[in-house]
Amino acid sequence: MTSAAIRGLLVALLVALPSLLLPVTATQSPEIVAFMALLAGGLIFAEYSSHSPSIVEFRDAPPLNRSRFVFAALCMILLSILAGHPFQPTGFSALVHKLAFTVGDALDFAYSPVQLTRLMMPSDVPQYTVDLVRAAAGL
């Protein structure tokens, strides 16, 4: 029961993490974020505290689930720092920004997922937004 509650809280924190890391001007609806975090945390708590699987069965792969969670959290942290760099530039966010733009530039070749993501952008979007999406896809 305690481990189910801890897992539910960690998933709720993961869902709310971008809203917590970005400044107030970048997040427009904290109520929806809080609701989705509670919903995800409740689903995980219900899944891990019951004896039989509820909606989605994912309890039988503990090491894989832990590594999925760690890499998803790392991805969310890095993308949140990348998106928050124009609002609050720090040394670490500048490092993540430079790394993301370098990797996105290197992976932007013909038929790569980075190029396909960049090509999905509408034509009237500013160039900085397209570059930011390319950098995020590179991460």
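**Close-up views of a predicted model**

Met36 lies in helix H2. This is a predicted model, so to speak of local features we need pLDDT of at least 70, while side-chain atom pairs count only at pLDDT 80 or more and totals for chains, interfaces and linings use all residues. Residues are numbered from 1 along each chain as its sequence is written, and side-chain values use heavy atoms, with hydrogens and water left out.

**View 1. Met36 and its nonpolar surface patch.** Val15, Ile32, Phe35, Met36 and Leu39 make a nonpolar surface patch of about 470 Å². Helix H2 (residues 30-49) gives the largest share of the patch, four residues. Helices here are DSSP runs (H or I) of at least four residues, numbered from the N terminus. Met36 counts as partly exposed, at 41% relative accessibility; the cut-offs are under 20% relative accessible area for buried, over 50% for exposed, and partly exposed in between (1.4 Å probe, protein chains only). To join a patch like this one, a residue needs over 30% relative accessible area and no salt bridge, and nonpolar side chains (Val, Leu, Ile, Met, Phe, Trp, Tyr) are joined within 5 Å, like charges within 9 Å. The areas come from the Shrake-Rupley method with a 1.4 Å probe, and for residues only the protein chains shown count as cover.

**View 2. Ser80, tucked into helix H3.** Ser80 is found in helix H3 (residues 62-84) and counts as buried, at 5% relative accessibility. Its side chain reaches the backbone oxygen of Met76 at 2.7 Å. Setting aside residues up to four places away in sequence, Ser80 touches Pro18, Leu21 and Leu22; contact here means heavy atoms within 4.5 Å.

**View 3. The largest nonpolar core.** Six residues make up the largest nonpolar core: Ile81, Leu82, Val96, Ala100, Phe101 and Ala135. Leaving aside neighbours within four places in sequence, Ala100 is in contact with Leu82, Ala135 and Leu139.

**View 4. Arg134 and its two Asp partners.** A search of the whole structure turns up four salt bridges, each a side-chain nitrogen of Lys or Arg within 4 Å of a carboxyl oxygen of Asp or Glu. One of them pairs Arg134 with Asp105, with the closest N and O atoms 3.6 Å apart. Arg134 lies in helix H6 (residues 127-138) and Asp105 in helix H4 (residues 91-106), so this pair ties together parts that are 29 residues apart in sequence. Arg134 is buried, with a relative accessible area of 14%, whereas Asp105 is partly exposed at 48%. Arg134 also forms a salt bridge with Asp131, again with the closest N and O atoms 3.6 Å apart. Arg134 and Asp131 sit three residues apart in helix H6, separated by about one helical turn. Asp131 is buried too, with a relative accessible area of 17%.

View 5. Asp108 forms a salt bridge with Arg118, the closest N and O atoms being 2.9 Å apart. Asp108 lies in the loop between H4 and helix H5 (113-119) and Arg118 in helix H5, so the pair links parts that are 10 residues apart in sequence. Arg118 counts as partly exposed, at 25% relative accessibility.

Technical notes. Helix = DSSP H or I, 4+ residues; strand = E, 2+ residues; numbered from the N terminus. Polar contact = N/O pair within 3.5 Å; in protein donor to acceptor, adjacent residues only side chain to side chain. Core = buried A, V, L, I, M, F, W, Y, C linked by side-chain atoms within 4.5 Å.
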